[in-house]
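The terms are given their cut-offs where they come up.

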Amino acid sequence: MQKRYVLGAGMVAVIAASGCATQTQAPAKVSEAKPAEAKPAAVWPEGLPKTALYNPEGKNKTLWPQPVKNSGELKYNEHARDLSKWLTRDPADMRPLPKPMTVSLNGQPLNGDAARGKEIAMNTGRGNCWACHALPGDAQPGSSGPPLIGFKSRGYSDDMVYQFVYDRRAVNPNTVMPPFGAIGNLSDQEVRDVVAYLQSLN
Amino acid sequence: MKTTHKTIGLAVFAAAGYASLVLAAEPYRESASDATAMPPSVEKDHTNTYPYWKDRANLPALGGKDEWKLNWKFRDRPLNDQLHGGDEAWDRGEALYKTLNANGSFAACLGAPDGNLKGLRLKYPMYSDSFRQVVGLEAMIEHCAAKAGAKLMNGSYDNSAVSVYVASFSNGMPIHIDVSQGPLKESFERGRRAFNLKAGRNNLACASCHVDMVGNNLRGQTPTTMYGDAAHWPTWRGKDELQSLHVRLTECDRNAGVQPLKIGSQTYTDIEVYLTALSNGYPYMVPSMRD
């Protein structure tokens with residue numbers, strides 16, 4: 001993490017002395033695993049605030065609460081994915097946020113697959129583009145962003161569309177659009193697939 | 001944590017380097033549009049929808065694409081007299097309350113020493129001397145129930161049921177939380193920053209949808225303004241869930257791709273204070289129901 005480099009020696013000593021730097025680690029379940037395949041101990045992700053609803057020993061780890069009728073207990077379920085690597089709303093969360101990034105194909109071919117791109121764009125758990133944009137064949141179009149039907153006729157270069165999807169903030173600093181590539185939401189290949197899909201829309 | 005001589009010495013040593021720590025370690029952050037006007041009240045609704053809720057005669061007038069402006073999703077009474085799961089929860093809350101308050105100490109713990117619940121809901125969120133921080137009603141219910149020997153976890157059905165029961169005695173009374181000074185002001189400011197902070201895998205703030213995209217389609221839903229919202233919690237959801245505000249915030253976070261925080265956490269309480277202040281002037285109305 002960046003901030004370590006600017007800590008004075010005094011602060012490092014205070015943190016060490018107060019024990020804040022130590023992380024509680026769950027013991028490895030040696031009794032359940034063969035010695036050669038012993039799983040590493042579940043670790044609380046570095047920098048994730050302790051207020052996070054998170055079980056490091058779970059599969060998807062991120063948790064959500066569900067009330068049970070006529071009960072004073074709260075049931076906790078696992079979310080569809082682990083959300084811990086991204087910034088939370090807790091102000092104690094000091095982890096870095098990637099700044100707007102200018103990207104380019106650098107003259108190389110896009111190598112994106114339009115069919116895969118459609119699966120990413122029209123999937124709430126992945127790109128979720130349809131939440132804000134109207135896409136062909138969707139019965140519940142989003143209207144928060146401009147419609148993308150007939151996108152091909154806009155005549156943008158692959159390079160420009162790659163930038164839009166990878167990090168729209170570099171084009172419009174006030175955008176609401178997620179910086180899919182810069183923030184690690186979609187992989188570089190997934191971004192390329194979405195670009196190929198968009199560039200195929202008549 | 002006991003302060004030892006060693007720690008004091010190191011703290012002094014560290015203080016010298018504190019300025020550079022503050023200046024250099026402030027991480028890069030992004031915010032969405034902040035529509036909050038001071039002092040906060042439902043009259044300051046940036047989407048100008050309050051005139052429609054305020055004048056009940058306007059309710060049937062808007063339809064179609066503008067229907068979201070009514071914030072009608074909560075089905076305020078007495079205009080909607082349909083019975084729903086929230087009423088069932090009220091009955092449960094009444095039964096639990098009567099058991100918990102058999103000797104009057106539960107009500108006193110909540111802040112009604114004479115057992116009169118009228119207006120009690122409007123005192124929350126409040127700064128609590130026993131917690132040494134700002135807390136919401138559900139957190140206090142959990143605390144006071146534990147003192148009475150019962151487990152009513154913050155966010156659980158039973159806790160929300162008691163919250164609905166207690167809050168119903170303030171129905172029709174306008175919210176009027178003072179965030180101009182003290183711990184409530186600090187909590188309001190933190191809540192305001194948290195509401196506008198971009199976070200999660202989609203880099204979205206609460207305000208991204210509820211200020212920047214309000215009134216637009218987010219697939220099949222239309223995000224509504226946050227003004228007037230706080231007067232309706234806990235609410236009964238159409239998916240048959242009695243939902244408290246903090247539980248709802250975990251759902252909002254998940255929908256936006258943000259790691260949810262603990263029920264009763266300071267951040268969620270701060271957002272609760274922020275939302276409550278933005279509903280200053282709106283009459284409390286529970287049990288409510290929404291989609």
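Domain bounds, as used here, come from an automatic or database domain assignment. On that basis chain B is divided into domain 1 (42-80 + 174-290) and domain 2 (85-168), and the centres of domain 1 of chain B and domain 2 of chain B, taken over C-alpha atoms, are separated by 22 Å. The model is a predicted one, in which local features need pLDDT of at least 70 and side-chain atom pairs count only at pLDDT 80 or more, whereas totals for chains, interfaces and linings use all residues. Residues are numbered from 1 along each chain as its sequence is written, while chains are lettered from A and ligands numbered from 1 in the order in which they are written.

Between the two domains, 26 residues of domain 1 of chain B are in contact with 24 residues of domain 2 of chain B, a contact being a pair of residues whose C-beta atoms, placed from the backbone, lie within 7 Å. Helices (H or I, at least four residues) and strands (E, at least two) are DSSP runs, numbered from the N terminus. In these terms, H7, E3, H9, helix H10 (266-278) and E5 of chain B each give two or more residues to the side of domain 1 of chain B that touches domain 2 of chain B, and H10(B) gives the most, with five residues. By class, that side has 13 nonpolar, 11 polar and two charged residues, where Ala, Val, Leu, Ile, Met, Phe, Trp, Tyr, Cys and Pro count as nonpolar, Asp, Glu, Lys and Arg as charged, and the others, Gly among them, as polar.

The sheet of chain B comes next. Three strands form an open sheet in the order E4-E3-E5 (chain B), with mixed pairing, and two strands are taken to pair if DSSP finds at least two bridges between them. E4 and strand E5 (288-290) of chain B are the edge strands, each pairing on one side only. Strand E3 (residues 235-237) of chain B runs parallel to E5(B) and is joined to E5(B) by three bridges; in E5(B), Arg290(B) is the bridge partner of Arg237(B). Helix H3 (residues 85-100) of chain B packs on this sheet, touching E3, E4 and E5 of chain B, and the direction of the helix makes about 130° with that of E3(B). For such angles, axes are lines fitted to C-alpha atoms, for helices over the stretch in contact, and the values run from 0 to 180 degrees between N-to-C directions.

H3(B) also meets another helix: the axes of H3(B) and H6(B) come within 7 Å and cross at roughly 90°. H3(B) and H6(B) are therefore roughly perpendicular to each other, since angles of 65 to 115 degrees count as roughly perpendicular, under 35 as roughly parallel, over 145 as roughly antiparallel and the rest as oblique. By class, the contact of H3(B) with H6(B) has eight nonpolar, four polar and three charged residues.

Helix H5 (residues 137-147) of chain B is mostly covered, with eight of its 11 residues buried. Here a residue is buried if 20 or more other C-beta atoms lie within 10 Å of its own, exposed if 12 or fewer, and partly exposed in between, the C-beta atoms being placed from the backbone. The cover of the buried residues of H5(B) includes H3, helix H4 (105-110), strand E1 (126-128), strand E2 (133-135), H6 and H9 of chain B. Just after H5(B), Gly149(B) takes a positive phi of about 85°.

Two cis peptide bonds deserve a look in the loops of chain B. One joins Trp233(B) and Pro234(B), with omega about -10°, and Pro234(B) lies in the loop between H8 and E3 of chain B. Another joins Val286(B) and Pro287(B), with omega about -5°, and the place of Pro287(B) is in the loop between H10 and E5 of chain B.

Chain A has four helices and two strands, following the pattern α-β-β-α-α-α along the sequence, and 32% of its 202 residues count as buried. Asn70(A), although not a glycine, has a positive phi of about 60° and is partly exposed; Asn128(A), likewise not a glycine, has a positive phi of about 55° and counts as buried. Between the chains, 59 residues of chain B are in contact with 51 residues of chain A, and H1(B) supplies the largest share of the side of chain B that touches chain A, 12 residues.
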